[in-house]
There are 2 protein chains.
Amino acid sequence: MTQTNAIILARAVDAKPVAGDFRMQASELVAPGEGELMVRVIYLSLDPYVGSALRGRHMTRQPQPGDVIPGKALGQVVESNSAQFFVGDYVTGEMGWRELALVSAGQMRKVDPGIAPLSTQIGVAGMPGLTAYASMHHLAEVKAGDQVLVSSAAGPVGGTVGQIARIMGAANVVGIAGSDQKCSLVTDAYGFDDCINYKDPDWKDQIAAAFPKGINVYHDNVGGELLDTALANLADYGRVVLCGLASQYHADERPAGPNPGVFIVKRAKVMGLVVYDFAEDQPMVSQKIGQWIANGDMAYLEDRVQGLDQAPILFEKLMRGENVGKAIVAVAPESL
Amino acid sequence: MTQTNAIILARAVDAKPVAGDFRMQASELVAPGEGELMVRVIYLSLDPYVGSALRGRHMTRQPQPGDVIPGKALGQVVESNSAQFFVGDYVTGEMGWRELALVSAGQMRKVDPGIAPLSTQIGVAGMPGLTAYASMHHLAEVKAGDQVLVSSAAGPVGGTVGQIARIMGAANVVGIAGSDQKCSLVTDAYGFDDCINYKDPDWKDQIAAAFPKGINVYHDNVGGELLDTALANLADYGRVVLCGLASQYHADERPAGPNPGVFIVKRAKVMGLVVYDFAEDQPMVSQKIGQWIANGDMAYLEDRVQGLDQAPILFEKLMRGENVGKAIVAVAPESL
């Protein structure tokens, strides 16, 4: 038996999660069985969908009090009972909020540490990057000259969406974010053409002004008024990728959506995106984004804390929308 | 100058149109100028979009009191000032609610009277058929084995949608209509597998029961609760064509639509359809549907009145949803 620390759900959650909903606890792990690995967690990714899952509002299982919090992580194999992985290999996958994880080898993906900084493999080059790639490449099918609007543009998905749209030839990439500080990041670091702060009183007019010819592609992470406003400014035949509903993850009631009349008049094509559908593209996308980072074609930013015990605090910040960049917990050093 | 009768808008309309909103009036037409034709109207099509146009709720121009009511018709050329058409040719196009129409030759389409009954060229083989074809072929891209739900299935668009879906290989075609009489037509005449009367108290359960594996394709003419219920029963990756909003054409406020969360979870692809975008396909589609009718592969039904003066009465019936089949006014005999 091996001792490790893990963070568990301390109590049932029925509102936006806060740090006090979590507790660190020592636990014991048995040695890896056939086809299993013991992995030393290096970087833990904190993601908004976990907040929804804690409230039973996500398609993944709802954790119960006492359960370890689910989470994607990057780690290094310290014991292997699988022919596919050697001790020392870097892997990503679902490990939970822990320092050591006992995992099934079949659920892990081996990572080449030579392409780009290791943490990007669970950040911009990981699931957020896959989401962004699926949105722009598979669903919106961005073409040269497209006018593109991206909500939650300072976040790891939105920031990557806009940069991929630009790489695919979009003529005008405009972000939406919730503060002037975030907007500066979107234009200065991520290179968007413009960014609109949706807390400005005239944000709707700013969106209309940014798209005199209409919006060809809108990537929606938010729903609500942002979606309504994007639809009102959509060009004919505009494509809308619905990827998240940040405006209502923690609302008590699910609000109604836009009147479908606008979809008809604009001949809109509206598509729901669930990133799990594109899982088999992950190795290809991670490699591609790693190359873009290495070549300087893609920028990313991390909001990082040190030590697993800091995860609940960063998670509360993420839930409040106050983090800037991909939320990452540096659980342990990259090499021992 | 030639004398003719036309039906004009008698007064401004701010509710569901009734027969008393219209008035027959004699008017005079000048001889055709260069590139113009004088056409003897034979069949006049009555269509729901005209009701929306009268209230300024359609993308076409809003008629003002005193204006002739717009309408697609089929007629025969009685005077030609165009090299493209001869006297005696049958043509379809926008002629308005009149007995004689002076039209631009470039706006008319010549019709081969030998394929199928002439009236079908402005009925099932005309704009309603083009709408149905665009929905199933271009947007939903029906595949063999698809489970298909069609609203307003007793109407000329819905009835044709289901029959085209069947021709394209759909495994199960279910209609929705507003009376048991209409439902009998949908199954017995149009050959749908099933039809659900949305006035039955348990219509939502009936829809769920008709699609144990979920709906792959939903053609929506209605919006509102029907759309919500179809979305709730959509299979993953289901395609939804939004084509009409009968539930709200004459509502005082535009109600909200479904929460976009359902689009995400189902990975739905939702597409707005405006038939004018497919105008260049009309000759090909009219020919194809004419052949299907001639071969007995497609059934159609008409709700016909005789004489232009009967148009307002049939139109009021159409607005009330009480007509069964394509609403057609037989204005004059096919040949003199």
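A word on conventions comes before the tour. Residues are numbered from 1 along each chain as its sequence is written, and chains are lettered from A and ligands numbered from 1 in the order in which they are written. Since the model is predicted, local features need pLDDT of at least 70 and side-chain atom pairs count only at pLDDT 80 or more, while totals for chains, interfaces and linings use all residues.

Let us begin with how the two copies are related. The same surface serves both copies, as 100% of the contact residues of chain B recur in chain A.

Where the chains meet, 26 residues come from chain B and 26 residues from chain A; two residues are in contact if their C-beta atoms, placed from the backbone, lie within 7 Å. On the side of chain B that touches chain A, α7 (261-265) and β13 (269-272) of chain B each supply at least two residues. Helices here are DSSP runs of H or I with at least four residues, strands are runs of E with at least two, and both are numbered from the N terminus. Sorted by class, this side of chain B holds 16 nonpolar, 5 polar and 5 charged residues. In that count Ala, Val, Leu, Ile, Met, Phe, Trp, Tyr, Cys and Pro are nonpolar, Asp, Glu, Lys and Arg are charged, and the others, Gly among them, are polar.

Strand pairing also links the chains: β13 (residues 269-272) of chain A and β13(B) pair in the antiparallel sense over 3 bridges. Strands count as paired if DSSP finds at least two bridges between them. Look for A:Met271, whose bridge partner in β13(B) is B:Lys269.

Now move to helix α3 (residues 156-167) of chain B. At 1.5 Å a residue, its 12 residues should span 16 Å, and the end C-alpha atoms are 16 Å apart, which agrees; the expected span is 1.5 Å times one less than the number of residues. Of those 12 residues of α3(B), 11 are buried, so the helix is largely enclosed by the rest of the structure. Buried means that 20 or more other C-beta atoms lie within 10 Å of a residue's own, exposed means 12 or fewer, and partly exposed is in between, with C-beta atoms placed from the backbone. The cover over the buried residues of α3(B) includes α2 (127-139), β8 (147-150), β9 (172-177), α4 (180-189), β11 (215-220) and β15 (326-330) of chain B. Just after α3(B), B:Gly169 takes a positive phi of about 110 degrees.

β8(B) and β11(B) run parallel, joined by 3 bridges, and B:Val150 has B:His219 as its bridge partner in β11(B). Strand β12 (residues 234-242) of chain B also runs parallel to β11(B), with 5 bridges between them, and B:Tyr218 is bridged to B:Val240 in β12(B). From β11(B) the chain crosses through helix α6 (residues 224-232) of chain B to β12(B) in a right-handed β-α-β crossover. Right-handed means that, with the strands pointing away from the viewer, the path from the first strand over the helix to the second runs clockwise.

In the loop between α5 (203-210) and β11 of chain B sits B:Gly214. B:Gly214 is partly exposed, with 15 other C-beta atoms within 10 Å. Leaving aside residues up to four places away in sequence, B:Gly214 touches B:Gln147, B:Asn233, B:Leu234, B:Ala235 and B:Gly238.

Finally, turn to strand β15 (residues 326-330) of chain A, where 4 of the 5 residues are buried, so the strand is largely enclosed by the rest of the structure. Strand β3 (residues 36-45) of chain A runs antiparallel to β15(A) with 3 bridges, while β14 (residues 302-306) of chain A pairs with β15(A) in the parallel sense over 5 bridges. β14(A), helix α9 (residues 311-319) of chain A and β15(A) make a right-handed β-α-β unit.
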